[in-house]
Amino acid sequence: MKNKSSILTVLAVVLAASAGPVMAADDGKGKELSGRDIAFDNKKGNCLSCHAVPNDPKAVAAGNIAPPFIMMKERYPDRAKLRAQIWDSTQANPKTAMPPFGKHRILSEQEIDLVVDFVQSL
Amino acid sequence: MKRRLSIFLGCLLVVANIGAYASPEDDRKALLKHYKQILPNVKQADYVLGALALNPDAKEQYDSIMMFPPFVNDVDVGRELWEKPFKNGKTFTSCFRNGGKNVAGSYPYFDNGVGKVITFENALNACLRHNDEAELKYGSNELGLLSAYAKSLSDGMKVNIKVEGKDALAAYENGKDYYYSRRGQLNFSCAICHVDNAGKFTRSEQLSPMIGQAAHWPEFRAGTELVTLQGRFRQCQKNVRAAPLEYNSEEYNNLEYFMTYMSKGLPMQTPVFRK
């Protein structure tokens, strides 16, 4: 029993050390999640529940509560402004439906950076 | 002169109070107006259909399922519970006006004696208590099935909730605050989804308007899975990572009171199928 748990500890340490910044929660192989994965995953960003991504064929069954992600680079040339919107959307609009992903630690800072890159690429 | 002045001041105070607290009826009218604006094609009477009123295909499917409801056997279990005599020989019908027909639409009500909101489930349990029978557990399937049958006796009755007096109003306001307050990691209030965004889609789920929501319980989801109104509160709260409250907690009962008032005048539909 003791042996088993120490093996697990070692494994966890090795995985944590070797894997990239973010790992899929349910995926023991430690596959890295991309910004897109995080944005689509309903246990992570779940942006799709409100925002459509019209130019991504994989973005199916998206909601329509929020504006679609299009021409984001043109509309958000300032990366800091885009990041701030995702980190705490209530700053720009106190009545917003959008969850404050950074402020409420729904996503980690690294995850938010990846999502910002992804959204800016759209 | 002095007297005149104080009357004048008194009037001012009343006016100020009205300004600060919209009455439940003002709230309901304002909400109706809001839904008329964002869902112009939905008839008011159809609000009890929830999201089905927004999707003709889903409504058609619902209609055909309701012709032979898959939950008839479940409701039958509820009927047996309702009809089974207590040890003293009486039955539930002895506790309700009209043998329990067309009564459920007046619940919840505010009981000034105990200073609390009394839900229909509370009334069923009070009946058991007064007849020296064991109460049923809130959130249990048994109480849910009993209420499903008992409420079916009020199918079609118009929701008729009263908020009268200071304490009743306080309970109503408490439920309303709960409905409009953000909570949980995702920072949602009930109103963000069911008021601000009614008719919109989150993923492929279309959001139903709050008016009408309290008028058709319990539901049988996927055919036979019984869900009570407060069970649905808990599901929504779990979905948005907020801590659900206990069944029959004072907050949930107040929330149910507020929400049912908002459905005032609409015909009850109980029980119903939902997918």
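Modeller: The second largest cavity has a volume of about 30 Å³ in what is a predicted model. Its lining consists of R28(B), L32(B), Q44(B), Y47(B), I211(B), M262(B), S263(B), K264(B) and L266(B). By class, five of these lining residues are nonpolar, two are polar and two are charged.

A search of the whole structure returns two cavities of 30 Å³ or more. The largest cavity holds about 280 Å³ of space. Its lining comprises 28 residues, and those nearest its centre are T119(B), E121(B), K151(B), L229(B) and E256(B). In chain B, α5, α6 (141-152), α9 (229-239) and α10 are the elements that contribute two or more residues to this lining. The lining of the largest cavity divides into 13 nonpolar, twelve polar and three charged residues.

Two of those helices, α5 and α10 of chain B, also take part in an open space. Each of β1 (109-111), β2 (116-118), α5 (120-130) and α10 (250-262) of chain B supplies at least two residues to the lining of the second largest pocket. The greatest contribution to the lining of the second largest pocket comes from α5(B), which gives six residues. In terms of class, the pocket lining has eleven nonpolar, five polar and four charged residues.

Most peptide bonds are trans, and most residues other than glycine have a negative phi. Against that background, the bond from W217(B) to P218(B) is cis, with omega near -5°. P218(B) lies in the loop between β4 (205-206) and β5 (219-221) of chain B. A cis peptide bond also joins T270(B) to P271(B), here with omega near -20°. The loop that holds P271(B) runs between α10 and β7 (272-274) of chain B; α10 is also among the elements that line the largest cavity. In chain A, the feature concerns phi: A61(A), a residue other than glycine, has a positive value near 50°. A61(A) is placed in the loop between α2 (35-40) and α3 (72-75) of chain A.

There remains the contact between the two chains. Chain A provides 24 residues to this contact and chain B provides 15 residues. The area buried between chain A and chain B is about 1,400 Å², with carbon and sulfur atoms giving 46% of that area. On the side of chain A, the residues that lose the most area to chain B are N64(A), I65(A) and H104(A), which together account for 32% of what that side buries. As for specific interactions, nine residue pairs are in polar contact between chain A and chain B, with both residues at pLDDT 80 or more, whereas the count of salt bridges between the two chains is zero.

Note on methods. Residues numbered from 1 in each chain as written. Chains lettered and ligands numbered in written order. Predicted model: local features only at pLDDT ≥ 70, side-chain atom pairs only at ≥ 80, totals over all residues. Heavy atoms only, no water. Contact = heavy atoms within 4.5 Å. Buried area = accessible area lost by both parts, 1.4 Å probe. Salt bridge = Lys/Arg side-chain N within 4 Å of Asp/Glu carboxyl O. Polar contact = N/O pair within 3.5 Å; in protein donor to acceptor, adjacent residues only side chain to side chain. Helix = DSSP H or I, 4+ residues; strand = E, 2+ residues; numbered from the N terminus. Nonpolar A, V, L, I, M, F, W, Y, C, P; charged D, E, K, R; others polar. 1 Å grid on protein atoms, 1.4 Å probe; cavity = no way out; pocket = protein on both sides within 12 Å on 5 of 7 lines; lining within 4 Å. Points joined across faces, edges and corners; volume = space filled by probe spheres on them.
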